[in-house]
Amino acid sequence: MDKAVRRITSDTPRLDAELLLAHVSGLSRSGFRAFPEREMDARRAAEFEDLVVQRAQGMPVAYLLGHQEFWSLLLNVSSSTLIPRPDTECLVEQALELPLPDNARVIDLGTGTGAIALALASERPGWVISACDLMEEAVALAQANASQLQLPVEVFQSRWFSDLLAASFDLIVSNPPYVASEDHHLDEGDVRFEPASALISGPDGLDDIRLIVDAAPSWLNSEGWLILEHGFDQAEAVQELFAARGFAKVESRKDYGGNDRMTLG
Ligand code: GLN
């Protein structure tokens, strides 16, 4: 394999291999590191090889394992949802810092695996949290994650606000698709295997954010907050959208990489 191909496939080949090996062997990574000479039966060896081949072709580790850790919660993932990212944990952190009542009504739009809603539910038992997604598979997956984790999040199908019943929220949170349709980073790495509908949002990546910011005020109570994840170079544009829609206290916040990754107001 030449260097360029290797870089595109994985930055962490050893870690990936260990995770896959741990998965098929039923051991933890530290477990088999402690007994490196342990034999593996033929069926498991074949299974491991098959996973390695798929990984070498670019399939994300999380899809091969069927799960991904997010905010210390183990979430089932499937190829119909985005794989939850560490940067989205920053969004959860910021949401938890907002001045909100103990019984806040919250909605996570485009929930995917349910990651944001479930992380919030695990931290704020008093909040009344719902989550929606356009994709039926995502709704089913988020519901399954909620019941597996025994977290009280109501999940239903809706394209952003379109199928919501009348309600007013204290917090609207979303990690919508925000990648520009021609963005070259879509040709590399895990994103190639993730659903385009969860990633791409028009020529400048802002189509869905515009929709959400535009509609949000009618779904928020007067002291309510909207917080959105967006691209590292979209903070200014998103702040303008918030301001144009009458939001106050509009600010952007950084992700773990130091990029302005979310805006709230
Ligand atoms: N941060 C993701 C990426 O660039 C995109 C996530 C999203 O569109 N919500 O790969």
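What follows is a set of questions and answers about it.

This is a predicted model, so local features need pLDDT of at least 70 and side-chain atom pairs count only at pLDDT 80 or more, while totals for chains, interfaces and linings use all residues. Residues are numbered from 1 along each chain as its sequence is written.

Q: What makes Pro177 count as buried?
A: Pro177 has 20 C-beta neighbours inside 10 Å, and the cut-off is 20 or more, so Pro177 counts as buried.

Q: How do you know which residues surround the ligand?
A: The test is a C-beta atom, placed from the backbone, within 6 Å of the molecule. Those around the ligand are Arg85, Asn175, Pro177, Tyr178, Val179, Val191, Leu199 and Glu229. Separately, the unreviewed UniProt entry lists Asn175, Pro176, Pro177 and Tyr178 for "binding site", though such annotations may be inferred rather than shown by experiment.

Q: Why are the buried residues of helix 9 said to line one face?
A: The buried residues of helix 9 (residues 207-215, a DSSP run of H or I with at least four residues) are Asp208, Ile209, Ile212 and Val213. Judged by the directions from the helix axis to the C-beta atoms, they fall within an arc of 130 degrees, so they line one face of helix 9.

How values were computed. Buried ≥ 20, exposed ≤ 12 C-beta atoms within 10 Å, placed from the backbone. Helix = DSSP H or I, 4+ residues; strand = E, 2+ residues; numbered from the N terminus.
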